[in-house]
Amino acid sequence: MTRIRVIDLETAGNGPQDVCEIGWQDVVQDPDGRWRVDEDRGALLVNPGRPISPETMAVHHILDAEVAGSPFWKDAAPGVLRPDGGVAALAAHRASFEQRYCTPALAGGAAWICTWKCALRLWPHLTSFSNQMLRYQRMPRGLVHALGLPAHRALPDAYVTAHHLRDMLDAASLEQLLAWSAEPGLLPRVPRGADRGKAWSLLDEDALRTLAQDRDPDVRFSAQTEQRRRGEAATAEAVEPAQPSLL
């Protein structure tokens, strides 16, 4: 049985050990080739070793007293990220966030699927690509509403993401999802500026050339992809910022 484990993290702040909860939900391929959301799911509270910031507490509502007796991240992570039987890949929505904490050493060098990047490729007609917006725009079959709540807790969010992943695997191969995840996000529309909301194909050459030099790697990649589609030489890569902007 092929297994992909969907991961979601809640954190105490932005430090490298600041995880305060990890949730997981498996998506498995049966012998007949069909993918399904499995019954194997769970969550663990994690002691981040410092107080949870008010800003992050306001998102997930996890209290310091709730994590005080929990294991530290380095002890909690391997058993979740490297389960018995192994995984074909790990997955997360905007996986770059989870990968900051789920290092190759902790995750056993597993490959990652980013369901945000794959959603951009498979469902470019949608208006927004956040985990919860995908949930309500698409209404995935079999998603039990109560199991996906409350939002911004690790297990419910992983459960919702797993339904997107299952549908992605029905539409594209595992290898294709991994390939898309290894590249920057291919945005279906210009995300900001004077041409915000326009399809890349509608931009004139000057606007496209400017965006092909943008510091945001997803904007830059998307503009350069349109340049290549038009048969133009892609502009030289600009320096990637430490924190890319969100769509």
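Author: Helices here are DSSP runs of H or I with at least four residues, strands are runs of E with at least two, and both are numbered from the N terminus. Keep in mind that this is a predicted model, where local features need pLDDT of at least 70, side-chain atom pairs count only at pLDDT 80 or more, and totals for chains, interfaces and linings use all residues. Residues are numbered from 1 along each chain as its sequence is written, and side-chain values use heavy atoms, with hydrogens and water left out.

Reader: What makes Trp112 count as buried or exposed?

Author: Buried means under 20% relative accessible area, exposed means over 50%, and partly exposed is in between (1.4 Å probe, protein chains only). Trp112 has 10%, so it's buried.

Reader: Where is Trp112, and which residues does Trp112 touch?

Author: Trp112 belongs to strand β5, residues 112–114. A contact means heavy atoms within 4.5 Å. Leaving out residues up to four places away in sequence, Trp112 touches Leu90, Ala91, Ala92, Ala95, Glu98, Gln99, Cys102, Leu178 and Ser181.

Reader: Back to α7: which of its residues are buried?

Author: In α7 (residues 131–138), they are Asn131, Gln132, Leu134 and Arg135. They cover an arc of only 160° around the axis, so they sit on the same side of α7. That arc is taken from the directions running from the helix axis to the C-beta atoms.

Reader: Why would residues three or four places apart point the same way?

Author: An α-helix has 3.6 residues a turn, so residues at that spacing point the same way. As for what covers the buried residues of α7, α6 (115–122) and α8 (154–171) are among the elements doing it.

Reader: How do you know whether the radius of gyration of the protein chain agrees with a compact globule?

Author: The radius is taken over C-alpha atoms, and the globule rule is 2.2 Å times the number of residues to the power 0.38. For 247 residues the rule gives a value near 18 Å, and the protein chain has 19 Å, so the two agree.

Reader: What are the domains, and how far apart are their C-alpha centres?

Author: Domain 1 is 2–182 and domain 2 is 189–238, with bounds from an automatic or database domain assignment. Their C-alpha centres lie 30 Å apart.
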